[in-house]
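Q: I would like to learn how to read the surface, the core and the confidence of a model such as this one. Could we go through them in turn?

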Amino acid sequence: MAPGSRFVEGYLGYLLGQANHALYKAFERHVSAAGLTSLEWRVLATLHESDAVPVSALAREVLAKQPTVTKLVQRMAAQGWLALQADPADQRRTLVAITPAGCEKVAPLLAQAQAHEERTLESLSPIEAHVLKTLLARLAGCDNPPAAQSTPPGTSGTA
């Protein structure tokens, strides 16, 4: 079989998975050094600069099952990184918010993640990087993709 002729080498799901694995593998040492698991990192990063969210919404955002996230946020609340409160609109739901201690814990990692992303995208032009992130956000069904946030880097914003 000739190189590049395997189905998976051109399959979007495989390529996205490989890219995600390569991206996270290089960043994982920072997460571990901070004493966090990958799921704890995703929870703190997701809640940083965010309003309190229901556990169910948080589970969807961090790509984990709700029972797993429920147990995790209880442990993280016991560590002082998260606050849990009943949803005033529905007492059956629990809202999760990051605490100042959680913000302090995740802040260095956010800076490291930003620097890691910049290094990862160095081989792309600013416009290519913006287009890549915009297209990925669209495929993921994100409500607020990068294109909706600002003008692509390196452009004047005029057509």
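**Patch, core and confidence**

A: Let us begin at the surface of this predicted model, where Leu12, Leu16, Leu132, Leu136 and Leu139 form a nonpolar patch with about 430 Å² of accessible area together. Two or more residues of the patch come from each of helix H1 (12-33) and helix H6 (126-140), and H6 gives the most, with 3 residues.

Q: Which residues touch the most other members of the largest nonpolar core?

A: In soluble globular proteins, nonpolar side chains tend to be buried together. Here the largest nonpolar core has 24 residues, of which Val43, Leu44, Leu47, Leu58 and Leu82 touch the most other members. At least two residues of this core are supplied by each of H1, helix H2 (38-47), helix H3 (55-61), helix H4 (66-78), strand E3 (90-98) and helix H5 (100-120), with H2 giving the most, 5 residues. Leaving aside neighbours within four places in sequence, Leu47 is in contact with Val53, Leu58, Leu82, Val96, Ala97 and Ile98.

Q: Where in the protein chain is confidence lowest, and where is it highest?

A: Where pLDDT is low, the predicted coordinates should not be read in detail. The mean pLDDT of the protein chain is 89, and 87% of its residues reach 70 or more. Confidence is lowest in helix H7 (residues 146-149), at a mean of 50, and highest in H4, at 98. Over residues 147-151 pLDDT stays under 50, and the model has 6 contacts beyond four places in sequence for them.

Note on methods:
Residues numbered from 1 in each chain as written. Predicted model: local features only at pLDDT ≥ 70, side-chain atom pairs only at ≥ 80, totals over all residues. Heavy atoms only, no water. Patch = residues over 30% accessible without salt bridge, like charges linked within 9 Å, V, L, I, M, F, W, Y side chains within 5 Å. Areas by Shrake-Rupley, 256 points an atom, 1.4 Å probe, with all protein chains shown as cover. Salt bridge = Lys/Arg side-chain N within 4 Å of Asp/Glu carboxyl O. Helix = DSSP H or I, 4+ residues; strand = E, 2+ residues; numbered from the N terminus. Core = buried A, V, L, I, M, F, W, Y, C linked by side-chain atoms within 4.5 Å. Buried < 20%, exposed > 50% of the residue type's maximum accessible area, 1.4 Å probe, protein only. Contact = heavy atoms within 4.5 Å. pLDDT = per-residue confidence, 0-100.
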